Amino acid sequence: MEQEAFLTWNPWHGCRKYSEGCAHCYMYYLDAQRDRDGSEIYRTKTNFNLPVKKTRQGAYKIPSGTMLHVCMTSDFFLQEADDWREEVWDMIRCRRDVHFWIQTKRAERMADHLPEDWGDGWENVTLCVTTENQKCAEERLPLLLAVPAKHKAFMIAPILSEVHAEKYLAAGQVEQVLCDGENYDGNRPCRYEWIRSLHDQCRNADVPFRFLGTGNYFCKDGKVYCIPKAYQRVQAQRSGLSYPAGDTRVPMQPRCQNCKRKHSCNGCRWCGKCH
């Protein structure tokens, strides 16, 4: 699947922490920066109907060919969102020209909360199950394989242990595997050998693998590297641990020397030392 653009769509916001990977949830952290409670779940007002919004000229604001990642500040199969989900399925059904990436930890709820006309899946939907360690992989990945879908993927984030997924990759249903370390408020390390193992598993199964970020703490050859959030994705791309590796010659753009978030010092709230 080739998409021309990547956007996020959050028809609802907020979540309940579900498993070990949620301990330092980035959404909870970012909500706390705004004095909000991440466990407060609500339907969003301005973006609930984002895929079907139109311009004054009558064209869709989300152009054809876009990849929309759904519920990145919640969980698509969250029980508290059951009353809203059918409207979302209606919009997904309407926009067959847009691809919807639906991500969930609640794999056990997928089969019972698909639309009635789902059949063997919709061509414009990828179901992606997220895990964080071997235990969660063993619990959730069989459920991913059991549910009908045209496109399937799984993500290990934040990765908390080595994960062996060979038997799930061998089923021939998974189109992509993604992995990320823990960032924002978390300090659990991401280890090079865990990523190397996933790379090798995916290469052997010829399944694309994307190493998205190192996390705050990346361990390799007995050394622990503390990597600011702004550089984690760049360092992951430069590592060559994705499969296929792609271009690893990614420039390291200069950032604020205090917070490492902004391209220049502007007194942002993250460090309070820039002027």
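**View 1. Trp12, Phe76, Phe77, Trp84, Trp89, Trp118 and Trp122 gather into one aromatic cluster.** This is a predicted model, where local features need pLDDT of at least 70 and side-chain atom pairs count only at pLDDT 80 or more, while totals for chains, interfaces and linings use all residues. Residues are numbered from 1 along each chain as its sequence is written, and side-chain values use heavy atoms, leaving out hydrogens and water. Rings of Phe, Tyr and Trp (its six-membered ring) pair up if their centres lie within 6.5 Å; planes under 30 degrees apart are stacked, over 60 edge-to-face, and the rest tilted. That rule gives a count of 11 aromatic pairs.

**View 2. Here a charge sits over a ring: Lys17 over Tyr28.** To qualify, NZ of Lys or CZ of Arg must be within 6 Å of the ring centre and within 35 degrees of the ring normal. The charged end of Lys17 is 4.6 Å from the centre of the Tyr28 ring. Arg43 does likewise with the face of Phe48, at 3.6 Å from the ring centre.

**View 3. Say hello to His24, in the loop between strand E2 (12-13) and helix H1 (26-33).** Helices (H or I, at least four residues) and strands (E, at least two) are DSSP runs, numbered from the N terminus. His24 has a relative accessible area of 27%, so it counts as partly exposed (buried is under 20%, exposed over 50%, partly exposed in between; 1.4 Å probe, protein chains only). Leaving aside residues up to four places away in sequence, His24 touches Glu182, Asn183, Asp185, Gly186 and Arg188 (contact means heavy atoms within 4.5 Å).
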